[in-house]
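I would like to walk through one structure, beginning with the overall dimensions of the chain and then turning to its disulfides.

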Amino acid sequence: MISRLRHILLTGFVLLSSFRLMGQLPMPDNVCVGETKRYNVEVNPVPGSTYTWRIDGEIQSGFPTNELIHTWNTAGTYLLEVQERTADGCLGPVRSGQVFVNLRLIPVFAAAPSYCSGAIIPALPETSINGIHGTWAPAINNTSTTTYTFTPDEGQCALPATLTVTISDNIVPAFAAIGTYCSGATIPALPLTSTNGITGTWAPAINNASTTTYTFTPDEGQCALPATLTVTVNDNIVPAFATVGPYCSGATIPALPLTSTNGITGTWAPAINNTATTTYTFTPGEGQCASTATMDIVVTASITPAFSQLGPICQNGTAPALPLTSSNNITGTWSPATINTAAVGTTTYTFTPDEGQCASTATMDIVVTASITPAFSQVGPICQNGTALALPLTSSNNTTGTWNPAAINTAAVGTTTYTFTPNEGQCASTATMDIVVTASITPAFAQIGPICQNGTVPALPLTSSNNITGTWNPAAINTAAVGTTTYMFTPGEG
């Protein structure tokens, strides 16, 4: 019987097997094509014995010992026999067993799919499609294309196999630069296919209000990395212009500037109107991030300077200065520049407004009149300490004014000169009046009485013996009561 004892894997696939041949083997021996095996008759051979080994009846020369080393190069079923010859020449029984020599299988595996660099690569199968178990080397590499070797486990008639896993480099999607846009402009949809053929989608949604960086995510199944694209959105500039005007109606208004102070070019509408206040709209030229702008140009109606009338002025009188600002605030100059009072008559003076005021010229006619001498009725003479009349403040020829001294003083006897000064604005000269204050005279009367009670009395005389006229108080003599009564004579005015 032939019994397999052990398998030893040697370099070059030499597998040595030792077993005893003791009659028939209980089961056949299985080997692989190209495998070398060692067969032993007994562990402890009989001293002096020799052995004859046969494979399918063919003697295997060179093996008179108790063991046979044989390489099985051809697949098939073979009968292995051995017979012992003892030292005394006796032949032992033929011991035999079947050896099945099997072809070596090539492990078969499905082709590995391609992967993108960095992708997760699943473990390679440990059993081939045709049932071979084994292991792979080297370790999985997800960064570059690698050929892996499959080594079958021991005890299988199988050859090593290889499997190449292709790793593709990730492509960076390329896109043409997107031009800058103005805030609020229509931005076209971003391309869904890169210039190097990668398809995908963009996020976030298009934003036409501010500069935004968009991310391109490649579709599944493409070895491509995400990419970004920045679309610049510029704020709209408000064109700035220096203020123009105001202008007077009918004035020449210069052309409006076609370039703003902050560098925006464009056009204006409507056409210049120099007769009324107008709002003009500036429209920027194409290709500039700028909004429209407006400018109001004020056109004002011409004002007629207004002045309070001067005069009339007395000939050779002091004339007031002509006002250089009108009552409605127009400044300017006069021609002639000053009022001339040398000659009687009417002169026209012309007012010309200063530059930059919407005002027309104006004129004023100023009359120079001859001077009047105030006339008065003579006052006095007045008695010393007498009551004096008030000096008249209006002359008989209608000149008003004041006196100096202002009132007649009768305290002292003599002649006083009073000067009348006309009020301003009247063509009148000063005037004088000499008023005489005379000494007071005591009226003289002849004594009357005594008179009897209830007697008839004479009338009191109204003119004194020295010719003073006047009145008495009481006015008449009363004799009803006895006694002395004092009667007061008051001279008449003047």
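**Chain dimensions and disulfides**

Of the contacts in the chain between residues at least 6 apart in sequence, 45% join residues at least 24 apart. Please bear in mind that this is a predicted model. The chain contains 34 strands and zero helices.

Let us consider the dimensions. The radius of gyration is 76 Å, whereas a compact globule of 494 residues would have one near 23 Å. Along the principal axes, the C-alpha atoms fill a box of roughly 240 × 70 × 30 Å. Buried residues account for 30% of the 494 residues. The chain exposes about 28,600 Å², of which carbon and sulfur atoms supply 55%. As for charge, there are 9 positive and 24 negative side chains, and the centres of the two sets lie 63 Å apart.

I turn now to the cysteines. How many disulfides does a search of the whole structure find? The search finds five. Counting bonded cysteines along the chain, their pattern is 1-3, 2-5, 4-7, 6-9, 8-10.

One of them joins Cys182 to Cys289, with an S to S distance of 2.1 Å. Cys182 lies in strand 15 and Cys289 in the loop between strand 22 and strand 23, so the pair ties together parts 107 residues apart in sequence. Cys289 counts as buried because its relative accessibility is 16%.

Another disulfide joins Cys314 to Cys427, S to S 2.5 Å. The torsion about its S-S bond is about -120°, so this disulfide is left-handed. Cys314 and Cys427 are buried. Cys452, by contrast, counts as exposed, at 60% relative accessibility.

Terms used. Residues are numbered from 1 along each chain as its sequence is written. This is a predicted model: local features need pLDDT of at least 70, side-chain atom pairs count only at pLDDT 80 or more; totals for chains, interfaces and linings use all residues. Side-chain values use heavy atoms; hydrogens and water are left out. Helices (H or I, at least four residues) and strands (E, at least two) are DSSP runs, numbered from the N terminus. The radius of gyration is taken over C-alpha atoms; the globule rule is 2.2 Å times the number of residues to the power 0.38. Buried means under 20% relative accessible area, exposed over 50%, partly exposed in between (1.4 Å probe, protein chains only). Contact means heavy atoms within 4.5 Å. Accessible areas come from the Shrake-Rupley method with a 1.4 Å probe; for residues, only the protein chains shown count as cover. Lys and Arg count as positive and Asp and Glu as negative; His and the chain ends are not counted. The place of a charge is taken as NZ of Lys, CZ of Arg, CG of Asp or CD of Glu. A disulfide is a pair of cysteine sulfur atoms within 2.5 Å.
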